[in-house]
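Visitor: I'd like to learn how to read aromatic pairs and a helix face. Could you walk me through a case?

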Amino acid sequence: MARFEHTVTVAAVDRHWFEEAAGHAVDLFDASREQDGAILLPDGRPIHGLRLLKGRHLQSGAWYGESPEEEGGKGASEAAPEAAVLREWRPSRTVEVESRVAEEGMSLRVGVRLREPRTPKALEVSLDGHNPKGGSLYRFSGRAKADLHAWWAALERPSSAPPAARAPVVGTAKHRLGRARLTVTPRPAEDGTWRVSVVLSVRGRWLLRPVAAVGLLFARRPVERGFREGVDSAAEEWAELLAELPSLHGEALRAEIADALTTP
């Protein structure tokens, strides 16, 4: 098994602001309505890039996409390969969405589940991919869960305390040739920023373990370099995202989110 670890320092996000923003976004969608396929916010403005393709708005089984494309009388799910289906909409408990994407010969199914959306408790993501024309080497899967309550709890610990025993974010990936496990653990820094440690473990599967071990022996340095560069790049993107977030609260924040949803 090969293990890689890298720690970065990132700007912090205020928990109360995050939960308030999530609540406003969920409430705006919950109060929206459908008209001729367009999804309208309570003030009548359409959400940009989102249309109802099939089913009833905010009901289980509803299909959403950018715009319906008629191709020889195909159904909505076939005509829009990048459509998303709503599996569950219970804003006080669970919101679950599944999207299907066909890209470069690969068929991907991505599932996202958010628990207690108005004050998010946990985010779960699943990914399954395969090439319909390929064999088992063209099939993979992944699962990830972010325990947001555990994340905030880890950041409430004193900066001098050891990191949390359990990582709040855990992801796993499986392929015929190997398995990978990724963990993300935050801790507060004395200056108010976050120190985020990312750990990646990779191992071969079954009889392929010796082969994978030999391969990693020769490729360890470039793999480790790529891993570090990926974590650093994610930290840079996080900084760019935070720079664009509004430092607003209440109705001003709700209005800003509504503008973002309706602006091309």
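Guide: We'll take the aromatic rings, then a helix. This is a predicted model, where local features need pLDDT of at least 70, side-chain atom pairs count only at pLDDT 80 or more, and totals for chains, interfaces and linings use all residues. Residues are numbered from 1 along each chain as its sequence is written, and side-chain values use heavy atoms, with hydrogens and water left out.

Visitor: How many aromatic pairs does the structure hold?

Guide: A pair of aromatic rings is described by the distance of the centres and the angle of the planes. Here, rings of Phe, Tyr and Trp (its six-membered ring) pair if their centres lie within 6.5 Å; planes under 30 degrees apart are stacked, over 60 edge-to-face, the rest tilted. The structure holds 5 such pairs. Phe4 and Phe227 have ring centres 6.2 Å apart and planes at 45 degrees, so that pair is tilted.

Visitor: Which parts does the pair of Phe4 and Phe227 tie together?

Guide: Phe4 sits in strand β1 (residues 2–10) and Phe227 in helix α4 (residues 209–244), parts that are 223 residues apart in sequence. Helices (H or I, at least four residues) and strands (E, at least two) are DSSP runs, numbered from the N terminus.

Visitor: Is Phe4 buried or exposed?

Guide: Buried means under 20% relative accessible area, exposed over 50%, partly exposed in between (1.4 Å probe, protein chains only). Phe4 is buried at 1%.

Visitor: Which residues of α5 are buried?

Guide: Leu253, Ile257, Ala258 and Thr262 are buried in α5. They cover an arc of only 165 degrees around the axis (using directions from the helix axis to the C-beta atoms), which puts them on the same side of α5.
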